[in-house]
Amino acid sequence: KWFPKASVVKSGVCYSNDYLAVLAKERKRQQRQQVKSSSSNSASNNRTTNAATTIIPPEPKASLVLFYQYVSPPWSQNKVSAFCTYITNIAKTHRTNIGGRVRVSTEGVNCTVSAASTSGGDTSSNREEGSGQVDVDPQWEAAQTLRHFAQDLINFDPQFSETDFKYIDGLSADRHFKELKLLPVKELVFYGIREEDCGGGS
């Protein structure tokens, strides 16, 4: 109703509170088990164990970026449409783990975007070298996704190189937006002032 030309792209990553609670509970259980196992092994000096250390899956993480960028000269409606198409394609193909809210007008862009880690990668040192698997820190992955997204914006219009991107990293994964909403608007900040209400000379 309010944004008839809006488009929505569902994020490829979504962590429910229930899932995060179960994961946290499992990690605590495994940590207690490791402590108990370590104590048992220390008490038995004549016993050697070859059992592999249990790998505790790291907690998924999210990052957030907030910014606005006014453009000069103003964008044409065609460029606004091109921007929406560009960001939609990125969200569907390259940065499928982003979500948030993007307001775009001929004035520029006002944006709040999140990214969540996708793999819950292993950050421990238990992997063997040459295994072909790459350790990915969830916090680093989410943070880097948004830095790459910022570069995507600069690639679209160099004016974004002047943008003051405000990043917040290391957030709980439940802070991640479940979808990316692109909202073409007439003005970036809606003041609720009608043209006829504006003062003018008589």
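This is a predicted model: local features need pLDDT of at least 70, side-chain atom pairs count only at pLDDT 80 or more; totals for chains, interfaces and linings use all residues.
**View A. The aromatic pair of Phe 67 and Phe 160.** The two rings are arranged edge-to-face, with 6.5 Å from centre to centre and 90 degrees between the planes. This pair links distant parts of the chain, since Phe 67 belongs to strand β2 (residues 61-70) while Phe 160 lies in the loop between α3 (138-156) and β5 (166-172), 93 residues apart. Both Phe 67 and Phe 160 are buried.

**View B. The aromatic pair of Phe 83 and Phe 156.** The ring centres of Phe 83 and Phe 156 are 5.3 Å apart and their planes stand at 70 degrees, so the pair counts as edge-to-face, for which the angle must be over 60 degrees. Here too distant parts of the chain are linked, with Phe 83 in helix α2 (residues 77-93) and Phe 156 in helix α3, 73 residues apart. Both Phe 83 and Phe 156 are buried.

**View C. The ring cluster and a charge at Tyr 167.** Ring pairs join Phe 67, Trp 75, Phe 83, Tyr 86, Phe 156, Phe 160, Phe 165 and Tyr 167 into a cluster. The charged end of Arg 147 sits over the ring of Tyr 167, 3.8 Å from the ring centre.

View D. Thr 145 counts as buried because its relative accessibility is 9%, and its side chain makes a polar contact with the side chain of Asn 97 at 3.2 Å. Leaving aside neighbours within four places in sequence, Thr 145 is in contact with Arg 95, Asn 97, Ile 98 and Ala 115.

Notes. Residues are numbered from 1 along each chain as its sequence is written. Side-chain values use heavy atoms; hydrogens and water are left out. Rings of Phe, Tyr and Trp (its six-membered ring) pair if their centres lie within 6.5 Å; planes under 30 degrees apart count as stacked, over 60 as edge-to-face and the rest as tilted. Helices (H or I, at least four residues) and strands (E, at least two) are DSSP runs, numbered from the N terminus. Buried means under 20% relative accessible area, exposed over 50%, partly exposed in between (1.4 Å probe, protein chains only). A charge sits over a ring if NZ of Lys or CZ of Arg is within 6 Å of the ring centre and within 35 degrees of the ring normal. A polar contact is a pair of N or O atoms within 3.5 Å; within protein, one must be able to donate a hydrogen and the other to accept it, and residues adjacent in sequence count only if both atoms are side-chain atoms. Contact means heavy atoms within 4.5 Å.
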